[in-house]
Amino acid sequence: MRTAAAAREGAPAWRSRRGTPVPRIVPPVVRRQADRAPAPPMPGGEIVLQSPPEIPEQTSDTFTQALTYLPMGAMAIGMIAMVSGGHSNSIEYVGSGAMGVGMVGMMVGSIARGKGDRKVKLNGLRRDYLRYLSQVRSKVRRAAEQQRTAMEHAAPAPAVLTDLALAGEVWQRARGGAGFLNARFAVGPQALAIRLVPPDTKPVEDLDPLCVGALRSFIRTHASVPALPVSVRLSSVSSIRLSGDRETATGMVRALIAQIATAHLPADVSISVCASGERIGTWEWIKWLPHNRHPTETDAAGPARLMVPGLGWLPGILGAELRDRPRFTPGPHAGSLPFHVVVADGVPVEGEIVGVDGVVIIDLSAAGTPGGQASPPDAVPPHDPAVLRLDVTREQVYRLSAGERIPAGVPDVLSRPEAEALARLLAPLRPPDPDAPGEDALAADISLAALLGVTDPARLDVPALWRPRAPRALLRVPIGTDADGNPVELDIKESAQGGMGPHGLVVGATGSGKSELLRTLVLALALTHDPGELNFVLVDFKGGATFLGLDTLPHVSAVITNLADELPLVDRMRDALHGEIVRRQEVFRATGNHASLRDYARARADGANLPPMPTLFVVLDEFSELLAAKPEFIDLFVMIGRVGRSLGVHLLLASQRLEEGRLRGLETQLSYRIGLRTFSAAESRTVLGVPDAYELPSRPGNGYLKVDTTGMTRFKAAYVSGSAVRKPDYPERALPPHL
C-alpha cells in the first residue's frame, strides 16, 4: 500500500511502471465531517456607543451670591459713616476700607469656588466616559480576535495548507454550503463583524472636546480589523485578470489554486491549465492535483491531465461537461458541476469557453511589469462587473475598478516547491466512499463483546483477559466506534501517565443511552483488569436499574441504589468514601510516605511487603439529583477531585441534565467529558462548550468525547444489555475406524 509519502518518490501511486492499472487501497486519511472540530463562530450584532458628556453649564447661583456681597459691603461702610457722625478719622477710614476689601475678596472667592466645582464635575464625567470606552474596547478586541479566528479557519493561510493535508483536513467545503467557491488571495483590513453605531449627540460645541476626540479615535481605530483574509467568490466573476509584477502574481495564483484544491472536492471543482510552451513548466505541479484529471480519458500514465496549449482545446476535451451551459451570470453558483477554474498563461483569452457559466479564467497574460511596479494609472480599464482586475506588486494588491486603484491587501504567495509538495500530498487521496463505513458506522449498533473481540461470552478466558497490562494500556478500554468504524477508547488514567483522567463527567437526556454507556464502561474495565488492580463503587441515586446485576462482579466493592428513598444512606456513603480517602492517606504514610498510588505500586513490584491497593473507580449516576437533596456533598466531590489523583481514586459523575453552576468549583477537576444527546443547547454548552450534543440523532449511544481543549470525537457507544450471541454446541461424534 502506497501512502502520500510514497507518492513523492515518483510516479502516481495508482499506476505501475508500465502504466498498467493495478489495484490500489487508499489509506483513510481524509477526515470525515463528523470527525472535524466545529468551525469557530463569527461574532455579530452591534454596539450603540454612548454619547460623550456635555460640558457643565456655568450656574448663575454663584455669581448672584457673589453680587450680594456688594450691597452688604456698602451698607456696612454707610453704617460706619453714620456712627462717626461725620467726624472721620484715619481708623474709621481704615476699617471701612478693610470691610470693603473683605467683601470683594468674598465675592472673588465665591466665583473661583464655582469654577472649581465645575472643573471637578467635568473631570468626573471624563473619567467615567473614558472608563466606559475602555470596557467597550475590551469587548471589541475580543470580538476582533473571534472574527480573526473564524475567518482564518474558513480561509487558512498558504503556509498551513500542507499541515491540513497531512492531518486529513481537506475538501471540507460542500457544494451549496458556506464558503463554497470562496478563495483567499490576500490579507488586508476588513470591517469589524460587530457594527459600531455612533451615538446621537447634541452639537459638538456642547460636548467635552477630550471625550469627543477619544470617541472619534475609538471608532477610527476599531471599525476595521487589520490583516484578515481577503477572498473572492469564484462564481461571482467570469475571469480574474492580473497585471503587475509577474513573480508575485504567479506566486499569488499558486496560493489561490492550492487553497481551492485543498478546500474543494475534485468532483466539485476542476482545475485546468492553458499555457504556452515556454510557460507550461511554471504550472507543471498542478498535474499532481486530483482536480486536474480528466473525468473519463486516460493515457499510459493514468487519467489524462487537463493541461493544454490553448483555451480552444478545452471545449473539445470537456465538451460533455460544458455543452448547453448558459452564459455567465453573477451570483452564487447553482448550475452544473464541476465548476471549472482555468489558468491561462501566455495564451489568448478568447473562444467559446470565455463567459460560460461555471467557468472562471485566471488570466496572467498582462502580468510582467518589470521590477514589481504597478501598472500606470492611465492603463486602468473601465469597470466590468464580470471581470476582477488585480494589479499586483510585491507589497500590495490593488483592485482596478471604474478607473480607480483600490488597495485590497498584501498578496498571498506560495513558492513552487511548496505548491508541488502540497499537490503530491493530495495526489493519492480520494474522497470518502459513501458506501464505506462513515456515517453508517455511527448508525450501526455494536456490542461490547464484538468491540473487545470476545467471540463467545459463555467461554471467557479470564486469566488471559486479566493478565498484566502494559502501563499505556492500564485503565484504557474501548467504549464505542467513530465515524470510520475505528474503536474510540476512554483512558481514565491521569494525564501525567498519558490518560484522559482522572475524573470525568457524563451528561445525557432520557433515552440517550447514558445508563447503557455506564454499564459498558464498567464491564469493559472489569473484563480487562484483575480485581487486584481495579475496584468499583457504583452509586445510583434514583431507580437503581443502571447497575442492576453488576454487584456479583469481584471488582465491585459496593453497589448503592435508591438513595432518593433513603436519604440517611447518603450520609453513610459520604462517611464511607471520606473514610476510604483517609485510610489510603494513612496507609501511604505508614508504609514509607509514598506520594502516590504509582509509587506504592512500584514499591510492591520491587518486593516490598505491602498489601495490595487497587485503583478505586467511583461511578455516581444522577449526581445532580443528589446535590439537589444534599448540597453539602459537593465538598466530598471537590476533595476527591483534588486528592484522588495521587490516591488512586477516580470519579465519574453522570446525570440526565446539568445546570450551569451546579459543579461549583469541580469543573477544573473534570478532565474528560462525554456529552450524549442533551435536553437543550445550553446544557450541551455547559458540558462541551458547544451546542453539538443537542443536535445529535435520537438513537441511543450517539455522543461526543471531549478531553481538555483538544477537540471532540464523535462516537457511537457499544451496548452490553442485548442477548449474548453464542456459537452452537454440536455433540462430538466418534470417527469411523478407517479414518
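This is a predicted model: local features need pLDDT of at least 70, side-chain atom pairs count only at pLDDT 80 or more; totals for chains, interfaces and linings use all residues.
Local features need pLDDT of at least 70 and side-chain atom pairs count only at pLDDT 80 or more, while totals for chains, interfaces and linings use all residues. Residues are numbered from 1 along each chain as its sequence is written, and side-chain values use heavy atoms, with hydrogens and water left out.

**Exercise 1.** Find how many residues of helix 6 are buried.

Solution. Locate helix 6 at residues 246-263. Helices are DSSP runs of H or I with at least four residues, numbered from the N terminus. Apply the cut-off: buried means under 20% relative accessible area (1.4 Å probe, protein chains only). The count is 17 of 18 residues, so helix 6 is mostly covered.

**Exercise 2.** State whether Lys514 is buried or exposed, and list what it touches.

Solution. Read its relative accessible area: 6%, so Lys514 is buried. Then take contacts, meaning heavy atoms within 4.5 Å. Not counting residues up to four places away in sequence, Lys514 touches Val506, Gly508, Asp621, Glu622, Ala654, Ser655, Gln656 and Leu676. Finally, check Thr546, 32 residues apart along the chain from Lys514: their C-alpha atoms are separated by 9.0 Å.

**Exercise 3.** Work out which helix gives the most residues to the lining of the second largest pocket.

Solution. List the elements that give two or more residues: helix 15 (597-605) and helix 17 (633-647). Helix 15 gives the most, with seven residues.

Conventions:
The expected span of a helix is 1.5 Å times one less than its number of residues. Buried means under 20% relative accessible area, exposed over 50%, partly exposed in between (1.4 Å probe, protein chains only).
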